[in-house]
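Welcome! Here is a short briefing to read alongside the sequence and the 3D view.

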Amino acid sequence: MLVLLSVNYHHLCTKLSYYDLVFVESCGFKIALCQLLVTADKERNIAHARKAIEEAAEKGAQLVLLPEIWNIPYSNDYFPVYAEDIDAGAGASPSIAMLSELSERLKITIIGGSIPERSGDKLYNTCCVFGADGKIKGKHRKIHLFDIDIPGRMTFKESMTFTAGESPTIVDTEVGRIGIGICYDIRFQELAAIYAARGAHLLCYPGAFNMTTGPLHWELLQRARAADCQLYVATCSPARVDNASYVAWGHSTVVGPFGEVIATTEHEEVIVIAEIDYSLIEQRRTYLPFQKQRRGDLYQLVDVQRLNTGKS
Ligand SMILES: NC(=O)CCC(=O)C(=O)O
C-alpha cells in the first residue's frame with residue numbers, strides 16, 4: 001500500500017492555556033488516515049484494515065483514523081445484514097474485536113471509522129474510539145443522518161435504515177482531546193463549535209462524501225471547521241470504487257488550525273501520514289484572537305448537553 005508522508009515537524013510543547021484547552025504532555029505526533037478499498041467481503045475488509053493499521057503503526061503513527069463504513073460497502077442493502085452488536089462483546093463484533101486487539105498490541109489510539117451497529121431493534125452508524133489499552137473510550141452514533149435528493153444526480157436516505165445518535169462525543173485520549181463526527185455531521189458547525197468550546201484539539205470525521213457534493217464541499221467544510229474553531233481537523237474516506245452503488249469521493253485530509261491543508265490525497269487506496277503539532281493551536285489563537293472577540297451580547301452558542309447535566 002502506498003504511504004504518503006507530509007512534511008511538518010513535531011515537537012514537545014509546554015502548556016496550552018487558551019480557550020479551555022487541556023494540557024497534553026506531548027503535542028506532536030503522527031496521524032495516519034487509512035483510505036481503504038472496501039469490498040463486499042466483510043472478512044476480507046477486516047483483515048485488510050488490520051494490515052493497514054499495522055503498516056501505519058510501523059510508520060510511527062500514534063493515532064490511526066479509518067473511514068466511514070469500512071467493513072462493508074456503504075449501502076442501505078448491506079447495513080442491516082452486516083450490522084454488529086458492539087455492546088455484546090468481542091464474539092458478536094469481529095470488527096470491534098480486531099480494533100481493540102490492535103490498539104492494545106500496538107499501543108496506539110484508533111478512531112475506528114464507522115460500522116453499522118445493531119442495538120436492540122435499531123441500527124446506528126457508529127464510530128468507536130480505542131485507547132492504547134485496547135478499551136473503548138468513546139462511542140459516537142452519527143447524529144445527523146445523510147438524506148439527500150438531487151434529482152438525476154444523487155439520492156440517498158440513511159434514515160431509511162439508521163436511527164440518529166443522541167449526543168456529541170468528545171474523548172480524552174493519549175493524543176489529545178478529540179471531538180468525533182461522522183461524515184454528514186461535518187456540515188453542522190454548531191457541533192464543531194461545541195467541541196472547540198469543550199477544549200478539543202482535533203476533530204475527526206470518518207466520512208464518505210460522494211461524486212456530487214465531494215468536489216464542492218468536502219475540503220471546504222473541513223477547512224471551514226478548522227478555521228472557525230482554530231484547531232485540527234482530520235477526515236478519512238474509503239477509496240473510490242467506480243462501479244459501486246455509492247461512489248466515494250476519497251480525498252482523506254488533515255487540516256491545521258489556520259485552515260491550511262497539511263496532507264491530502266486523491267481517491268485511490270492509500271495511507272496518508274501527517275504530523276500534528278498542537279502548539280500551533282495556541283500560536284494561531286494568539287496571532288488571531290477572534291475567539292475573544294465574540295459578541296456574546298448579540299449571539300450565543302448553547303451546549304444543551306452541558307446545560308442538562310449541570311456542567312459549566
Ligand atoms: N455519508 C455521508 O454522510 C455523506 C455526506 C455527504 O456526502 C454530504 O454531501 O454531506
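Around the ligand sit Glu68, Phe146, Cys183, Tyr184, Arg187, Ala208, Phe209, Asn210, Thr213 and His217, where a residue is near a molecule if its C-beta atom, placed from the backbone, lies within 6 Å of it. This is a predicted model, in which local features need pLDDT of at least 70, side-chain atom pairs count only at pLDDT 80 or more, and totals for chains, interfaces and linings use all residues. Residues are numbered from 1 along each chain as its sequence is written.

**Ligand shell**
- Five nonpolar, three polar and two charged residues make up the shell around the ligand.
- Ala, Val, Leu, Ile, Met, Phe, Trp, Tyr, Cys and Pro count as nonpolar, Asp, Glu, Lys and Arg as charged, and the others, Gly among them, as polar.

**Backbone with positive phi**
- Most residues other than glycine have a negative phi.
- Ile69 has a positive phi near 40° and lies in the loop between strand E3 (61-65) and helix H2 (79-82).
- Helices (H or I, at least four residues) and strands (E, at least two) are DSSP runs, numbered from the N terminus.
- Ile69 counts as buried because it has 27 C-beta neighbours inside 10 Å; the cut-offs are 20 or more other C-beta atoms within 10 Å of a residue's own for buried, 12 or fewer for exposed, and partly exposed in between, with C-beta atoms placed from the backbone.
- His251, with a positive phi of about 60°, lies in the loop between strand E13 (232-236) and strand E14 (253-255).
- His251 has 21 C-beta neighbours inside 10 Å, so His251 counts as buried.
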